[in-house]
Amino acid sequence: MVLDLHAGRGTGRLVRANPVAKVLAAFVLGLGVALSDDPVTPALVLGAVVVALAAGGVTMRVLLMRGWPLLVSAASLGLTTLLFSDTEQPWLTALSVTVRVLAIALPGVVVLVTIDPTDLADSLVQNARVPARFAYASLAALRLLPLMAVEWRTIGLARRARGVDAGRNPVAHLRLFAGTVFTLLVGAVRRGTRLAVAMDARGFDAVGPRTIARPQVVRRSDVALVLGAFAVLVAAVLASSALGTFRPFWA
Amino acid sequence: MRGLDLTIEPGERVLLLGASGAGKSTLLTALAGILDLEHAGDAEGRLTVDGVHPRATRDRVGLVLQDPETQLVMARAGDDVAFGLENRAVPGPQIWHRVDAALDTVGFPYGRDRRTDRLSGGEQQRLALAGAFALSPRLLLLDEPTANLDPVGAGLVREAIAAIQRTTGATTVLVEHRVAEALELVDRVVVLTPGEGVIADGEPAEVFAAHGDALAASGVWVPDRPLPTRKARPAQPDASGGGREDLLVADRVGYTHKGGDRPALTGVSVRLRAGEALAVVGPNGSGKSTLATMLAGLAAPATGTVRATPRLAGSDSPVPPHRWRAHVLAARIGTVFQDPEHQFLTGRVRDELAFGPIRRGEKADAVGRRVDDLLDRLRLTSLAEANPFTLSGGEKRRLSVATALTPGPAVLILDEPTFGQDRRTWVELVDLLAAHRDSGGSIFAATHDEAVVASLADRVLTLGHDRPAPVPGREVAA
Amino acid sequence: MTHPHEPDIADRGRPTSNLPGDQVPTAAPTTWRTVDIVVTAVIAVAFGVVFWAWNHLWTATGPAFTAFPPGQAFMYGIWLVPGVLAALVIRKPGAAVFASVLAAAVSALLGATWGVQVVWYGLLQGLAPEMVFLATRYRRFGLPVALIAAAAAGLTAASLDWFYYYRPWTTGWLVTYYAVLTASSVVIAGFGSWALTRSLAGTGALDAFPSGRERRPV
């Protein structure tokens, strides 16, 4: 059981782009598409995104590897819509929802695949004025993630060794789960407290500005990326309006 | 602590000793200027570093703590060393030069981009030292830097400390329980006592000569003091004509961790016998913990088998332990994990001890009497109502061994049982284990601690790649 | 794996004020210490692991339950725990938002299905309880406030789901969804977080925080 945050990153220009720019682009597309209610606008955005990704070096293989849960969930969502909604054209509505969800989430999944957490923290601090203490404390906590994942398994084994397991009983599973959460949290809070001491001992709570070891620059291509996301959105809305299919969610 | 009077001159290298609770860690955090007086209770007297309040000199002080995992901040080694430099506003262009110099001084074996979660404990600690060194400290404070490390890692960390001392000439205050090995890093020993201040101060040889007995009794690992031996009595041939009976047999077991590039274990065979303590030793990564997990019925071997004999498991004998239900497993094979807190299930010490028996349906008053008796033997009676998580390290360890033993298993499996313990707890623990062994149980301990091997083990199994030549009594994995 | 070694002294409990446990006499200082930030972050990251394990647990019951929103609604409360829990433990303004955003980001990093959009969920699901605690001027952290805060988080989550995914649903289904989700939130994220905080306090782990200073000495 290996929780690896760095696996499967593609290569290419998209990886080298500024992290905050990438996140912003994904947000713009996601929010924009969320505001529309028809199937055409999201489909256009989705198409444009896939093409842009291919150009940016994110292979289909990487996309599928990371994106298959999204496909499954989107399909299941379509199915649910069919069952629980009450519109004149149920299949069209279901399709529309499915495509919308894909269009909203896909850029976000891609962004995840091409971002390194340290780079993101640096970029948030340097380019987005996020307070350094919160960004780097988050990074430090994130470092403990694989450790805590292993610890989750160890706690389960430790409980089995004491004679506690769950078998088929769902209530027993929940109790075991809750107990494991508790033990994990005790360890987590203790670790956090010690980590805070160590960080302060290295000057983390010093007053005054920090210097920068890993500069994160905003290039013209990064600005273009964000503007491009807006452009794609606007173009899709215009095209959809021209086709007569556009419908914002408030309509 | 109270009434502490102590002066340390620039460049001195001091070892702080004392029983648990004497205030060693408190003193170090106070010197580092990060003692949180809000929660520390009352403070009296004066503490100065370079003549001023410690808060003012924090940028000249380096502090290295015990647990490497909670000192590292960044995902990559070089970034972590740079972290402190960024905090202290070292100009950008200078940062990476200093990072490289620091990594070099401590003998860090990798480059800047090495991921910190792929480092061994010793490598992580050296990285933490690099982080402290990069800030050019004039005072180096080290709180048990090798406590969580295997002997090899500990040695490399001590070398790194020595290198830093040579390079910077910094004043050093070291708290270390592996006293014998720490002596090469210090010139002066200061002994603290709980509730009072300094009771001894001077050259190591003098201090140990004058106070050695008292120190050893209070738990300090005074060098050159022999530890009690607890070997099994020679086996009487029993009715079947053999020596001791097998309880658990592993036959050519192998295992590879998911995502691992090499197998953790290949083709290891071992027999656990009644009335016998077996220690398995070997360097980090040789598979000791993996073997322990499989013997404990907590993981299935990828190759080979683990089998319980009828004496241990009765009619369940053909079923491998990893398929037994947990309550059945706990009654036959007890396992003590490295971190006692992982095994705590209740909010009271008394309930922890009663857990196993009550689960099996024993009557409440019989259980109550057993628990009282256990509390007495473990010297935990005054803590019966306390939350197990609030106990000291040694108390938690005793409690976790006891809770593993209350369901009455014949086999007891332990993973690094003596890690980081003081002398007193160590002796108590070895006594506990010997008592189980002498009453017919079997002990299997994966350990780095040579003292456990020397004192308790009746047989030794060595895992790993550099295997020594066979020695009588010491088995080598086939 | 190294063994986290605590200082070898027992920590039996510290006598505290005589005030009822859920009330702070004066306004707590609002500046965030390093330990406040780091522990909030670690709680959020720990819940990243919990969410992942939770998903594992439920995939065992079959895709019918997990992939279907009604099934998800019953269990939704767990996703809302980090925000409420962090506020109850740290008791500083912004704790709920910070923890919630970070937990969402971590679950995204761990390969969650929905990409960075979950950060919006984290933000709004954290803001809702934050508003509740703000309304009490960050002075009340007992069970009633926890339940209300969790309810607010639940309503917000349901609304986000409606906005993103469930707009075509009939009113009947929507109301059911809202009700089940909010109930789940109140039980798991409200009562659960409160109980968890008290149990954590009993272990001594929270001694650096106001929530931990209400232990009784032994």
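## The two domains of chain B

Chain B is divided into domain 1 (13-217) and domain 2 (246-476), with bounds that come from an automatic or database domain assignment. This is a predicted model, in which local features need pLDDT of at least 70, side-chain atom pairs count only at pLDDT 80 or more, and totals for chains, interfaces and linings use all residues. Residues are numbered from 1 along each chain as its sequence is written, while chains are lettered from A and ligands numbered from 1 in the order in which they are written.

Taken over C-alpha atoms, the centres of domain 1 of chain B and domain 2 of chain B are separated by 33 Å. Nine residues from domain 1 of chain B and eight residues from domain 2 of chain B make the contact; two residues are in contact if their C-beta atoms, placed from the backbone, lie within 7 Å. On the side of domain 1 of chain B that touches domain 2 of chain B, the residues divide into four nonpolar, four polar and one charged. Here Ala, Val, Leu, Ile, Met, Phe, Trp, Tyr, Cys and Pro count as nonpolar, Asp, Glu, Lys and Arg as charged, and the others, Gly among them, as polar.

## A six-stranded sheet in chain B

Let us turn to the strands. Chain B has an open sheet of six strands in the order β2-β3-β4-β1-β5-β6, with mixed pairing. Strands (E, at least two residues) and helices (H or I, at least four) are DSSP runs, numbered from the N terminus, and two strands pair if DSSP finds at least two bridges between them. At the edges are β2 (61-64) and β6 (198-202) of chain B, each of which pairs on one side only. On average, neighbouring strands of this sheet are turned by 15 degrees against each other, direction ignored.

Four bridges link β2(B) with strand β3 (residues 139-143) of chain B, and the two pair in the parallel sense. Look for B:L63, which stands opposite B:L141 in β3(B).

## Helices beside that sheet

Helix α5 (residues 121-133) of chain B lies across β2 and β3 of chain B and runs at about 170 degrees to β2(B). For such values, axes are lines fitted to C-alpha atoms, for helices over the stretch in contact, and angles run from 0 to 180 degrees between N-to-C directions.

Two packed helices are described by the angle between their axes and the distance between the axes. α5(B) packs with helix α6 (residues 151-168) of chain B at an angle of about 15 degrees, and their axes are 8 Å apart. The two helices α5(B) and α6(B) are therefore roughly parallel to each other; angles under 35 degrees count as roughly parallel, over 145 as roughly antiparallel, 65 to 115 as roughly perpendicular and the rest as oblique. Their crossing is right-handed, a term used if the near helix is turned clockwise from the far one by less than a right angle, with left-handed used if anticlockwise. Residues in the contact include B:L129 and B:F133 of α5(B) and B:L156 and B:I161 of α6(B). By class, the contact of α5(B) with α6(B) has nine nonpolar, four polar and one charged residues.

## A three-stranded sheet in chain B

Chain B also has an open sheet of three strands, ordered β8-β7-β10 with antiparallel pairing. β8 (265-273) and β10 (303-308) of chain B each have a single partner strand and stand at the edges, so one side of each is left without a neighbour in the sheet. The twist from one strand to the next averages 10 degrees.

Strand β7 (residues 246-255) of chain B is joined to β8(B) by six bridges, and the two run antiparallel. Among the partners, B:D246 is bridged to B:R273 in β8(B). Helix α9 (residues 288-295) of chain B lies across β7, β8 and β10 of chain B, at about 130 degrees to β7(B).

## Where chains A and C meet

Chain A is divided into domain 1 (18-119 + 217-242) and domain 2 (131-201), whose C-alpha centres lie 34 Å apart. In total, 64 residues of chain A are in contact with 47 residues of chain C. The largest share of the side of chain C that touches chain A comes from α1(C), with 15 residues. That side of chain C divides into 37 nonpolar, nine polar and one charged residues.

Helix α7 (residues 132-143) of chain A packs with helix α1 (residues 34-59) of chain C at an angle of about 45 degrees, with their axes 8 Å apart. α7(A) and α1(C) are therefore oblique to each other, and their crossing is right-handed. Among the residues that meet here are A:F134 and A:L142 in α7(A) and C:I37 and C:V45 in α1(C). The residues of this contact of α7(A) with α1(C) divide into 10 nonpolar, one polar and one charged.
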